[in-house]
Amino acid sequence: MQIYSSSLIIDKKVPLPVYIQLANQLMAMVKGGTLQPGHRLPSTRQLATLLNLHRKTVIRAYDELLAQGWLQSHAGSGTFVAGHLPVTKPRQLLNNSPDVAKVAGFSIKEAPHLQRGIVDLNIDLHLDDGFPDTRMAPVTELSRAYRTQLLTGNPYTRLGYADPKGSAWLRTELATYLNITRGLRVTPANILIVRGTVMGLYLACTGLLQADDTVVTAEPGWAGAEANFLQAGANLLKVPVDEHGLDVDRLDELCSRQTVRLVYVTSHHHYPTTVALRPDRRVHLLELARKHGFIIFEDDYDYDFHYQNKPLMPLASADDAGMVLYCGAFSKSISPAIRVGYLVGPENVIEHLAQLRRTIDRQGDTMLENAMAELLQNGVIQRHLRKSLRVYQQRRDVFCGLLNNRLKNHVQFKVPEGGMAVWTYFDSSIDLNRLAQNALKKGLYFQGGNSLLTPNFTRLGFASSTPAELEQCVDILEKLLAK
C-alpha cells in the first residue's frame, strides 16, 4: 500500500474534482509502468481509508477508469489494471529530461516567413499600424443584435450547421452594400464570408496556387500577405511602388519574361505607404490581367476612409473579365476583434473556395454574421462609418499639424488622402528602433523600422487616438528626439 500513499496526492483546494484527480493519478501510474497489466488494486474501502477520502469518491474514480478501459473488474475478485495494456518498464525521469510540454518528441521544419511577432498593445498611448478607435464601435447595437440572433427562431436551425459560404442574410446585405458603395455588380452567390482578409488570402493561396507559381507583390508591402504566398510555395517577386502606386509598367515588363499567376495589390491606400493607385495604372493593370491571365487579389482594407474627395472605385468594379478577387473586412472599419470579412469573385471561384474552407473552418460564427447583417440592414454600420470618417479626418489633420509643427526637423511625410496612418520618414541620423524602444519605456508604442523592412520609414497610426492623446504621443517623441 506504500506505493499508493506515496504516489497519490490529493489537493482539495484546487477546482478539479477529487475523483478526477485520483483517476488521473492512477492512470499516470499505469502509463508510467508503476502499475502493470493484471495488477490488483486495493478495494475502494481500503484506498478511501488510506487517502482519507469518502468511499464514493474512490468508487467514482474507479468507475471513470473502468469506462475508459484502464481497469477491469472481476466479480468476487476485485479491480485490476486491464490485461490488454502493453507492459511498460518503470522509468525514472532524469533532471535533464526535456519538458514535453515545451518541446515535442518529433521534429518540425522551421519556416522563417511565419516568424512574425505578436504586438501587445495593452498600453495607453499608441501610434499603431492604423487601427480604428474601438471605443467608437457600435457595441451596444451589436450586442443587442447578437442576443436577438442567439435567442430567437428555430434552435435546430439557428444553432446548427450552416452554409460554409456564410450567412445568406449577410451575403445578401453585403451584395447590396458593396454594389452601392463600391460600384460592384454582384449577387450573394459572388460572396464568401471569411474571418478577415488573412483567411481570404489563405484560401486563395491554398485553392488557386500551385508550388512554384509566380506571385507579384509591391515593394514595400505587407508581410502578412507575403507569408501566405511563401507558405503556398509560390515564387515571390516584387515590383516597386512610387507616389502613384504600383509601377504597372515594371509589372508589364516582368509579365513579358515569365508567367505570373497572381498579383496582390492594395489599390486604394497602398500598404504601407498609403498612396492610391492612379486611374491609368488601374486600367493598365486590368488589361494586363486579361492579356496574361493572372489573378488580381485586391485587398481593399480601408476603402471607407478617404478624406480628400470621392474615392476611386475598386478594380473589381471595372473588371469585365472575371480576373479580380476583391477582399475586405470589418476589422479595420469597426474593430480588429470583429472577425467578419468578405471575399468577392466569380461564382465558380467562390464555390471552390467555400469547399476548401470546410477543411479548416466548417463555418463562421452564424450568430455574429446575422447580427452584422441586421446592423447593415438597419443602417447602423453605415452611420458608424460616416461618423468615423469625420472623426478620423479631424484626427489626421491634428496629427499632421503636430508632426509639422513639433517634429519638422526630424520627420518628413505627406498628408495622406485616406486611411488611418501616416507613412513617415525619420531623419537618417535617428535610430528608429532605439527610438521605438525608448518611447515604449515612456508608455508610447509605435513600430520600429525593421517591422516594415524600409529603413527609417514607419507607419504612425492616428485614428485610434483622440487629439489629446495624439498630443501626448508627440510630446514624448519630441522630448526623446531632443536628447
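I call a residue exposed when its relative accessible area is over 50%, and buried when it is under 20%. The model I am reading is predicted.

**Entry 1: helix H10**

I started with H10, residues 248-257. Which residues of H10 are buried? I find Val248, Leu251, Leu254 and Cys255. Looking down the axis of H10, I see these buried residues within an arc of 110°, so they line one face of the helix. I then turned to the face pointing away from the buried side. Ser256 and Arg257 are the exposed residues there.

What covers the buried residues of H10? The cover includes strands S5, S6, S7 and S8, along with helix H11 (279-292). I also checked the start of H10. A side-chain oxygen of Asp247 comes to within 3.2 Å of the backbone nitrogen of Asp249.

**Entry 2: cysteines**

How many does the whole structure hold? My search gives 0. A disulfide is a covalent bond between the sulfur atoms of two cysteines. For a pair to count, the sulfurs must lie within 2.5 Å.

Cys255 is buried, at a relative accessible area of 6%.

I repeated this for Cys327. Its sulfur also has Cys205 as the closest cysteine, at 11 Å, and that is too far for a bond. Cys327 is buried as well, with a relative accessible area of 0%.

**Entry 3: the eight-stranded sheet**

Next I traced the sheet of 8 strands. I read the order as S4-S11-S10-S9-S8-S5-S6-S7. The sheet is open and its pairing is mixed. Which strands stand at the edges? They are S4 (191-194) and S7 (245-246). Each has a single partner strand, so one side of each is left without a neighbour in the sheet.

I followed S4 to its partner. S4 and S11 (residues 341-344) run antiparallel and are joined by 4 bridges. In this pair, Ile191 stands opposite Val344. Helix H13 (residues 347-357) packs on the sheet and touches S4, S10 (324-329) and S11. The direction of H13 makes about 30° with that of S4.

**Entry 4: helix H9**

I then looked at H9, residues 223-231. Its buried residues are Gly224, Ala225, Glu226, Ala227, Asn228 and Phe229. What do they pack against? I find helix H8 (197-208) and strands S5 (214-219), S6 (235-242) and S8 (262-265). After H9 comes Gly233, with a positive phi near 85°.

**Entry 5**

How many bridges join S13 to S15? I count 5, between S13 (residues 421-426) and S15, running antiparallel. Two facing pairs went into my notes. Thr424 stands opposite Thr458 in S15. Ala421 stands opposite Gly461 in S15.

Last, I checked S15 (residues 457-461) for cover. This strand is mostly covered, with 4 of its 5 residues buried.

Key: Residues are numbered from 1 along each chain as its sequence is written. This is a predicted model: local features need pLDDT of at least 70, side-chain atom pairs count only at pLDDT 80 or more; totals for chains, interfaces and linings use all residues. Side-chain values use heavy atoms; hydrogens and water are left out. Buried means under 20% relative accessible area, exposed over 50%, partly exposed in between (1.4 Å probe, protein chains only). Two strands pair if DSSP finds at least two bridges between them. Helices (H or I, at least four residues) and strands (E, at least two) are DSSP runs, numbered from the N terminus. Contact means heavy atoms within 4.5 Å. Axes are lines fitted to C-alpha atoms, for helices over the stretch in contact, and angles run from 0 to 180 degrees between N-to-C directions. The arc is that of the directions from the helix axis to the C-beta atoms. A polar contact is a pair of N or O atoms within 3.5 Å; within protein, one must be able to donate a hydrogen and the other to accept it, and residues adjacent in sequence count only if both atoms are side-chain atoms.
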